[in-house]
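The following report describes one protein model for a reader who meets it here for the first time.

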Amino acid sequence: MLMGQMPSYYLQNEENWKEQMKEQIVSLKREIENESAHYDKETIANMKAELETCEIALKNNINYLYYYDNSNWKINLLDEIKMTKLNMIMNENIQDEKIVEEKINLLEKNDFATYIEYQKQDLKEKLNNKEIEEEEYNDEIYLRDIQKKYEIYKENSELFNWKASIYQDISIMKRNLRTGINTQTGKLLNLEEIKEIEDNIKILEYRLENNIPMQSSGASGRAVYEMLAPTFSLGIISILMIMIAGSSISTEISKGTIKFLLFTPNKRWKVLLSKIISATIILIVLTIILSLISIVFSNLFFKEAGADYVYISSDGIVKSISNGVYQILYFLASSIDIFVYMMFAFMLSVITRNTALTVGISIACYIGSGIIMQIVNQIVTADWIKFIPFNNLGLANKIFANNVSYLAMQSASSFLNNVSITFSLAVLTVCIILMIITMFDSFNKRDIV
């Protein structure tokens with residue numbers, strides 16, 4: 001039975017992999033001895049090569065059943081040994097025996113660094129044989145140097161390690177730069193996208209050098225918490241601010257208390273402006289308080305330190321800010337979306353003078369706009385869609401995009417309308433101005449009953 005034909009019970013209990021490896025070896029020996037007449041020469045050769053490779057894996061305490069992929073260097077090396085042995089058996093060639101011995105020696109010595117050097121030699125041979133272009137060769141050498149320096153994929157657990165995630169991102173970005181094509185969308189890269197990729201590579205190199213994981217990698221319990229906390233906290237603030245803004249004018253009009261404010265020497269626009277300023281101050285204070293509570297909670301309940309935020313400064317130098325400052329800034333950036341919904345609620349409150357209707361519509365827009373826009377972006381491909389205000393929210397994730405892996409960003413952009421921060425700010429600013437003009441015009445001209 002070949003490795004690719006293993007029954008499901010081999011994959012159900014990883015704890016007993018050594019016993020299962022022994023069973024696999026016995027099974028292969030039995031089939032080679034008793035069933036060889038039923039197989040062709042190539043199949044027998046495959047079974048013999050796999051048998052010898054399994055014996056080598058078991059001897060060197062390598063689980064060759066459950067990590068049958070090229071993410072771990074030992075598994076990759078065992079695959080190379082198997083292919084070399086297959087060639088030896090098929091062609092009755094013993095000249096490759098020295099190569100096999102060298103590779104087995106690498107396994108026994110756990111010599112990851114030398115294995116990378118062997119890979120670089122293979123790349124050099126491919127370049128000399130014109131199997132790959134020089135640009136691809138340079139990229140692959142660069143990646144192997146990173147893999148060697150930071151010991152990426154050295155252990156099986158590295159498959160889910162944040163360094164491995166960064167390595168994958170760099171590999172994809174290097175290929176995109178080399179080909180000039182975005183592998184996710186299939187579109188040609190423009191100058192802005194090329195510059196963005198080059199900056200992202202610098203940031204990821206800085207993370208590796210300074211041991212700073214990406215928050216989105218979920219490398220720790222704290223990282224997971226710091227991804228979820230803002231969503232929960234800011235959701236509460238959003239509902240609260242919508243209720244405050246939605247009831248600020250309509251409630252006072254319905255109760256008649258607005259008349260007492262208008263009897264003062266202050267003009268109507270000052271009364272409305274004071275309410276907007278008061279609500280904005282409440283929003284900022286609540287946001288800062290909840291961000292500080294989140295930081296304190298993280299420090300109390302998680303032993304690991306929070307990851308710093310890494311970015312490219314205006315002068316092109318990679319810098320970082322502390323985790324605490326980043327958390328506060330992220331909360332504040334997220335409050336921009338809340339401010340937009342708050343102004344929307346203010347406008348509806350002035351126009352409709354109905355608290356229940358205002359709050360209901362505003363909360364419905366807050367909860368459902370994201371899902372609706374995802375569907376619309378999938379269906380409509382016209383450029384005008386990017387002018388829809390709801391398509392320009394989520395500024396915090398655009399401002400702090402460097403905390404999300406490149407692959408995740410590309411996956412998101414495939415179903416979201418990808419617009420720049422500057423464009424989004426411009427669209428939202430215009431919308432806020434229009435809402436302010438509408439509400440002030442209505443508040444100044446309509447009678448207060």
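Just after helix H6, Glu151 takes a positive phi of about 55 degrees. The model is a predicted one, in which local features need pLDDT of at least 70, side-chain atom pairs count only at pLDDT 80 or more, and totals for chains, interfaces and linings use all residues. Residues are numbered from 1 along each chain as its sequence is written, and side-chain values use heavy atoms, with hydrogens and water left out.

Helices (H or I, at least four residues) and strands (E, at least two) are DSSP runs numbered from the N terminus. Helix H6 covers residues 134-149, 16 residues in total, and reaches 22 Å from its first C-alpha to its last, close to the 22 Å expected at 1.5 Å a residue; the expected span is 1.5 Å times one less than the number of residues. Among its buried residues are Tyr137, Ile141 and Arg144, where buried means under 20% relative accessible area, exposed over 50%, and partly exposed in between (1.4 Å probe, protein chains only). The buried residues of H6 pack against the three helices tabulated here, a contact being heavy atoms within 4.5 Å.

| Helix packed against by H6 | Residues |
|---|---|
| H5 | 112-128 |
| H7 | 162-179 |
| H8 | 191-210 |

Strand E1 (residues 309-312) and strand E2 (residues 318-321) pair in the antiparallel sense over four bridges; pairing requires that DSSP find at least two bridges between two strands. Tyr311 has Lys319 in E2 as its bridge partner. Five residues lie between the strands of this hairpin, in which Gly316 takes a positive phi near 85 degrees.

Arg353 lies in the loop between helix H13 (323-352) and helix H14 (355-379). Arg353 counts as buried because its relative accessibility is 19%. Although Arg353 and Thr251 are 102 residues apart in sequence, their C-alpha atoms are 7.5 Å apart in space.

Val285 belongs to helix H12 (residues 268-301). With 43% relative accessibility, Val285 counts as partly exposed.

For the protein chain as a whole, the secondary structure comes to 17 helices and two strands. Of its 449 residues, 43% are buried. Among contacts between residues at least 6 apart in sequence, 70% join residues at least 24 apart. The chain exposes about 24100 Å², of which carbon and sulfur atoms supply 58%; accessible areas come from the Shrake-Rupley method with a 1.4 Å probe, and for residues only the protein chains shown count as cover.
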